[in-house]
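Let's take a walk through this model together. Have the sequence and the 3D view open as you read.

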Amino acid sequence: MLPHKQLEQRLQPAVRAVLPDADIGSVLVRPCPDPKFGDYQTTALMALAKPRKLNPRQLAADVLARLEVGDLCEKVEIAGAGFLNFRLKAAAVAKTLSAAASGEHLFFDKAIRPRTVVVDFSSPNVAKPMHVGHIRSTILGDSLARLLGLLGHRVITDNHIGDWGTQFGMLLVGWKRDLDPTALKTDAIAELERLYKRVSAECKDNPATLEAARQELVKLQAGDEENLRIWREMIALSQVQFDAIYARLGVKFDHTLGESFYNPRLKALVDELIARGIARESEGAKAVFFEDLPQLKDTPALIQKSDGGFNYTTTDLATLAYRLETWRPDEVIYVTDGRQQLHFQQVFAAFRRWHPEAPMKLAHVWFGSILGEDGKPFKTRSGETVKLADLLDEAEERAFKVVTEKSPDLPEPQRREIARVVGIGAVKYADLLPNRQSDYVFSWDKMLALSGNTAPYLQYACARIRSIFRKGGETSNREPQTANLELAAPEELALARHLLNFGLVLDAAADEYRPNYICNYLYDLAGHFTRFYENCPVLKADAAERTSRLLLCDLTARVLKQGLEVLGIETLEQM
RNA sequence: GCGCCCGUAGCUCAGUUGGAUAGAGCAUCUGCCUUCUAAGCAGAGGGUCCCGCGUUCGAGUCGCGGCGGGCGCGCCA
């Protein structure tokens with residue numbers, strides 16, 4: 001068991017003995033903000049003392065009197081207003097490292113109660129190019145899915161693509177009137193986009209075109225065979241594009257059940273909600289009202305339009321019902337931008353009324369918008385969005401220039417491969433590092449930066465470690481020599497102690513759906529490693545020290561690699 | 001009008017049950033490659049955490065009121 005958990009396990013009964021009514025679940029042990037205070041601390045005693053009007057330092061002393069941690073820690077200190085500070089014995093740190101080296105754990109624990117979690121993310125639209133607007137959902141969602149999986153949960157990823165809706169009326173008009181088969185072969189999405197824009201523009205000042213689009217849509221919805229065939233082809237062509245992007249990003253889905261998949265369920269859904277009094281007619285449409293919810297009382301959710309058509313609230317409700325009956329999940333997570341907060345509040349609230357017995361947690365994990373330098377939603381100068389494929393190309397190209405500059409002797413194919421891993425990693429990391437709820441201003445230079453707190457910095461640390469093993473003729477270091485594990489230099493101790501906190505960070509990131517905690521942890525880890533690297537020679541050290549340091553290097557590399565893997569970022573042997 | 005989010009160093013941003021002297025990156029300046037990869041390291045400068053009041057032993061974090069900005073609010077998704 002990890003030291004901070006052992007401390008909690010011993011601290012909690014001690015607190016209970018002193019304060020029998022206390023909620024010991026709040027008695028947690030966390031890393032100290034500054035190593036001068038110790039390795040771990042608890043601030044819980046001050047919080048417990050307050051409502052009881054106890055002297056917090058006296059309470060700390062009383063708890064301390066009942067606490068036996070001498071095997072793990074140096075003398076426990078009561079500090080400040082009532083902090084309890086723990087400093088691990090070097091032997092306790094070494095023991096945890098040895099356990100990790102022998103494969104018992106990698107400084108984290110699997111969930112005690114595994115859950116089934118559906119993660120809904122990415123959701124691009126058919127017939128449109130994937131652009132930078134899709135990147136956050138895709139990368140954040142993928143990372144959360146990986147993280148939950150690593151922690152032992154059963155994860156189901158589902159790409160709820162936009163394969164249905166009014167845009168298909170216009171696309172069908174364009175396809176029938178103006179399709180360029182050659183262009184379709186060369187770049188299907190560009191051709192579909194061209195058709196859509198052309199018809200869409202025409203609709204604005206030509207009512208006849210608008211009517212034609214409406215007619216094509218009605219025919220499609222009525223099951224017209226030709227329109228269905230064209231529609232299916234557009235989906236297939238789009239899927240090719242999606243797959244190409246996902247392959248580059250290393251993103252995989254268990255299911256791709258688009259909006260159209262739920263069409264057959266929508267009418268019955270609305271009928272049931274009406275019959276049960278959950279929805280009612282309003283101004284010709286059908287809507288769910290939430291008079292009893294202060295947040296939503298003025299914003300009913302439409303589930304059927306006055307023309308009989310359904311909208312995305314209807315589809316999302318049907319989707320939830322399908323997921324409930326198909327996978328029986330404990331939780332469904334939606335990863336979308338923050339502008340859909342109201343929508344998901346409505347969907348969740350409506351679903352609760354429809355299926356009050358369903359035990360699943362519903363989470364809307366939202367993120368901020370990508371803005372242009374003018375502070376408005378991001379577009380290029382010509383008004384286009386930046387295509388995701390172009391962004392990835394540029395990332396790899398810039399990385400290739402740097403690799404070529406730094407490692408001119410490597411053969412080109414290897415430099416290309418390094419550039420791919422570095423470039424894609426940089427893009428992902430740039431997206432995962434900020435707090436997801438912040439808006440951010442898109443900048444090529446920031447997105448593609450290769451120095452400072454970036455993925456390449458972490459990959460570089462990995463590559464340096466691998467280089468040590470290559471130079472030392474070591475393959476890996478799976479046989480720990482516990483007796484020889486010496487943590488003497490301050491840089492060694494700092495690095496070792498930081499390794500112990502990997503699991504704390506993974507748990508926090510999963511609880512709050514915030515992979516940026518992992519980014520910051522890994523950046524600190526790489527920093528600790530680099531300082532160790534600068535100050536503690538490994539291969540030139542004496543036998544015992546060398547063994548000890550190789551072990552430290554190996555564990556660091558494994559945590560870095562695992563951490564980056566959770567972020568969906570690859571590592572390299574050399575760069 | 002109602003609701004959600006944001007305001008932290010010149011710029012971009014972190015900041016884990018409220019916790020100890022608020023941290024990074026970029027940019028600027030000074031050092032460090034005959035020693036395991038300098039995509040790096042060491043150091044310097046840089047702060048009214050938007051303002052005010054309140055709760056608390058303790059507030060960037062919680063509450064209230066302002067100011068400034070972004071977004072959303074029935075037939076698009």
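Buried means under 20% relative accessible area, exposed over 50%, and partly exposed in between, using a 1.4 Å probe and protein chains only.

A word on the ground rules: this is a predicted model, in which local features need pLDDT of at least 70 and side-chain atom pairs count only at pLDDT 80 or more, while totals for chains, interfaces and linings use all residues. Residues are numbered from 1 along each chain as its sequence is written, chains are lettered from A and ligands numbered from 1 in the order in which they are written, and side-chain values use heavy atoms, leaving out hydrogens and water.

Back to Asp163, which sits in the loop between β6 (154-158) and α6 (167-178). A polar atom of the Asp163 side chain lies 3.0 Å from the backbone nitrogen of Glu259. Beyond its neighbours within four places in sequence, Asp163 is in contact (heavy atoms within 4.5 Å) with residues including Val126, Trp231 and Gly258.

Chain A as a whole has 21 helices and 13 strands; these are DSSP runs numbered from the N terminus, helices being H or I of at least four residues and strands E of at least two. Of its 575 residues, 51% count as buried.

Now to RNA strand B. Sugar and phosphate make up 56% of the atoms of RNA strand B that come within 4 Å of the protein.

| Side chain | Part of RNA strand B | Distance |
|---|---|---|
| Gln41 | base nitrogen | 2.4 Å |
| Gln341 | sugar or linking oxygen | 2.8 Å |
| Asn516 | phosphate oxygen | 3.3 Å |

With eight residues, α20 gives the most to the surface near RNA strand B.

Finally, the cysteines: the structure holds zero disulfides (pairs of cysteine sulfur atoms within 2.5 Å). The sulfur of Cys536 is too far for a bond, because the closest cysteine sulfur, in Cys553, is 9.4 Å away.

Note on methods
Polar contact = N/O pair within 3.5 Å; in protein donor to acceptor, adjacent residues only side chain to side chain. Near = heavy atom within 4 Å.
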